[in-house]
Amino acid sequence: MSIFLCTACGTSYPDAPGPPERCLICEDERQYVPASGQSWTSRDKLSDGHRNAWQQLEPGLLGVQTVPAFAINQRAFLLRTPQGNILWDCIALLDPATEEVVRGLGGVRAIAVSHPHYYTTMQDWADAFGATVHLNGADRGWVMRPHPSIRFWDGESLELLPGATLIRGGGHFPGGTVLHWAGAADGEGVLMAGDIVQVAPGARRVSFMWSYPNMMPLPAAEVRQVAARLAPLRYERIYGAFMGQDVRREGSAIVARSAARYVELLEGGLPR
Ligand SMILES: [Zn+2]
Ligand SMILES: [Zn+2]
């Protein structure tokens, strides 16, 4: 018996003697099955050839990413708060070194994942640190490996810990979630964006897509709704899903401006 991981998206599937026939996450039009076909690895094989690399992004916030790149190659984050640590988003590799490092930093009190593409091995991270996983209930059908640590929240927001609030942005997934960290060290506010708000190169624009790999846009009405849900929040910095996607200032203004421009283009405005 083994926990198998899809090599294209990193999703883990329930303990079984052999890999599943299909990855439902990759067969959805928001992901893709590689041209070479579906392939699988196991947690043990993954840790044989990969390591996790850490980066301090600002006081109290660390990013962690697997090297060499695995699956979608997103990063996860450890937010350190006086009430305990939050793991925001998830990566498939949880090796003994990572476990030891995170334990040394105080462990994990709560896990929240922006959307199903990053669910990966959240079940194992929860087991290792005795943490609860908070997922928006609108995406419950995309959990491929049910687990007692998973708790679904419904509605528009959930305060995870004081100063750290989950907001349902929707868009890319109906339950697509961002984390607003008003309690960041300098008090200026941080948006942890996942794929719900995608930070563009140059860090002065963001985008919103239905499918990133297949380059399929969100309808204008959806973009308006995502922007409206985020409009009450104030934040300077935005941390996107991938290493280097860091907006350093004017985050909330950049999101509002980028959404307005996107809608203008979708509705027929010519580039100017
Ligand atoms: Zn997959
Ligand atoms: Zn995604």
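Buried means under 20% relative accessible area, exposed means over 50%, and partly exposed lies in between (1.4 Å probe, protein chains only). Helices (H or I, at least four residues) and strands (E, at least two) are DSSP runs, numbered from the N terminus. The model is predicted: local features need pLDDT of at least 70, side-chain atom pairs count only at pLDDT 80 or more, and totals for chains, interfaces and linings use all residues. Residues are numbered from 1 along each chain as its sequence is written, and side-chain values use heavy atoms, with hydrogens and water left out.

Most residues other than glycine have a negative phi, and most peptide bonds are trans. The peptide bond from V67 to P68 is cis, with omega near -15 degrees. P68 sits in the loop between β4 (61-67) and β5 (76-81). The loop between β4 and β5 also holds A71. Phi of A71 is positive, near 55 degrees. A71 is partly exposed, because its relative accessibility is 28%. D89 is a residue other than glycine with a positive phi, near 60 degrees. D89 lies in the loop between β6 (84-88) and α3 (96-104). With a relative accessible area of 0%, D89 is buried.

Salt bridges were considered next. A salt bridge is a side-chain nitrogen of Lys or Arg within 4 Å of a carboxyl oxygen of Asp or Glu. The structure holds 17 of them. One of these joins D246 to R75, with the closest N and O atoms 2.6 Å apart. D246 belongs to strand β19 (residues 246-247) and R75 to the loop between β4 and β5, so the pair ties together parts that are 171 residues apart in sequence. Both D246 and R75 are buried.

E156 and R229 form another salt bridge, and their closest N and O atoms are 3.6 Å apart. This pair also links distant parts of the chain, 73 residues apart: E156 is in the loop between β9 (150-153) and β10 (157-161), and R229 is in helix α5 (residues 220-230). E156 is partly exposed, at 42% relative accessible area. R229 is partly exposed too, at 22%.

A further salt bridge lies within a helix. The side chains of R261 and E264 meet at 2.5 Å, N to O. The two residues are three apart in helix α6 (residues 251-266), so about one helical turn separates them. R261 is buried, at 18% relative accessible area, whereas E264 is partly exposed, at 32%. Finally, a network of salt bridges links E58, D186, E188 and R237.

Note on methods: Chains are lettered from A and ligands numbered from 1 in the order in which they are written.
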